[in-house]
Amino acid sequence: MPAFAMQQAPNTSGAAQPPTSAAKPVIEDDGTYHVGNGVTAPKLVYSVDAEFSDAAQRKKIDAPVVIGLKVGTDGIPREIHVIHSAAEGVKPKLRKAAASLDEKALDAVRQYRFDPATYHGKPVPVAITIDVSFHIYPDK
């Protein structure tokens, strides 16, 4: 059964973030915020489990996929993309089957819904990452 964990997107602006409560939020050129410095994280209110691909299941591949996205002020995920593929670090002959998990993770995250992130009580678009883990559990 796949599992997920939500994380804050890394600060890609290069700006240092002072640890004081008076620090200003990190805002991208396109107006997207980063969690912290007064910006709350979006709250996941609806999710679906990512399904195993047939190829990965046959080859017994379980691997994490890290998805990057922006959560809009309406709570809908946008600009969804793979940051870390399940195929990374997998033997070459298994890469195609492992990469098939990436699309399954993307399909699931596209269906997620959130209460939006806020700054000073107002909804703001925010960049986050979500870890989608695929695990094969042994038969009992």
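Biologist: Why does Gly 72 count as buried?

Modeller: In this predicted model, Gly 72 has a relative accessibility of 9%, and because buried means under 20% relative accessible area, Gly 72 counts as buried.

Biologist: Where does Gly 72 lie, and which residues does Gly 72 touch, not counting residues up to four places away in sequence?

Modeller: Gly 72 lies in the loop between strand S4 (64-71) and strand S5 (77-84). Leaving aside residues up to four places away in sequence, Gly 72 touches Arg 78, Pro 116 and Pro 125, where a contact means heavy atoms within 4.5 Å. The C-alpha atoms of Gly 72 and Thr 32 are separated by 8.8 Å, although these two residues are 40 residues apart along the chain.

Biologist: What makes the pair Lys 70 and Glu 79 a salt bridge?

Modeller: The side chains of Lys 70 and Glu 79 meet with a distance of 3.4 Å from N to O, and since a salt bridge needs a side-chain nitrogen of Lys or Arg within 4 Å of a carboxyl oxygen of Asp or Glu, the pair meets in a salt bridge. Asp 30 also belongs here, as Asp 30, Lys 70 and Glu 79 are linked in a network of salt bridges.

Biologist: Are Lys 70 and Glu 79 buried or exposed?

Modeller: Lys 70 has 19% relative accessibility, and because the cut-off for buried is under 20%, Lys 70 counts as buried. Glu 79 has 54%, and because exposed means over 50%, Glu 79 counts as exposed.

Biologist: How do you know that Asp 107 forms a salt bridge with Arg 110, and how are the two residues placed in helix H2?

Modeller: The closest N and O atoms of Asp 107 and Arg 110 are 2.8 Å apart, which is within the 4 Å cut-off, so this pair forms a salt bridge. Being three residues apart in helix H2, Asp 107 and Arg 110 are separated by about one helical turn. Arg 110 also meets Glu 103 in a salt bridge, at 3.2 Å from N to O, and the structure holds five salt bridges.

Biologist: What makes Lys 93 exposed, and which residues form the positive surface patch with Lys 93?

Modeller: Lys 93 has a relative accessible area of 70%, and because exposed means over 50%, Lys 93 is exposed. The place of Lys 93 is in the loop between S5 and helix H2 (95-110), and a positive surface patch is formed by Lys 93 together with Arg 58, Lys 59 and Lys 91.

Biologist: How many helices and strands does the protein chain have, and what part of the protein chain is buried?

Modeller: The protein chain has two helices and nine strands, which follow the pattern β-β-β-α-β-β-α-β-β-β-β along the sequence. Buried residues make up 39% of the 140 residues in the protein chain.

Note on methods:
Residues are numbered from 1 along each chain as its sequence is written. This is a predicted model: local features need pLDDT of at least 70, side-chain atom pairs count only at pLDDT 80 or more; totals for chains, interfaces and linings use all residues. Side-chain values use heavy atoms; hydrogens and water are left out. Helices (H or I, at least four residues) and strands (E, at least two) are DSSP runs, numbered from the N terminus. Buried means under 20% relative accessible area, exposed over 50%, partly exposed in between (1.4 Å probe, protein chains only). Patches are made of residues with over 30% relative accessible area and no salt bridge: like charges are joined within 9 Å, nonpolar side chains (Val, Leu, Ile, Met, Phe, Trp, Tyr) within 5 Å. Accessible areas come from the Shrake-Rupley method with a 1.4 Å probe; for residues, only the protein chains shown count as cover. Lys and Arg count as positive and Asp and Glu as negative; His and the chain ends are not counted. The place of a charge is taken as NZ of Lys, CZ of Arg, CG of Asp or CD of Glu.
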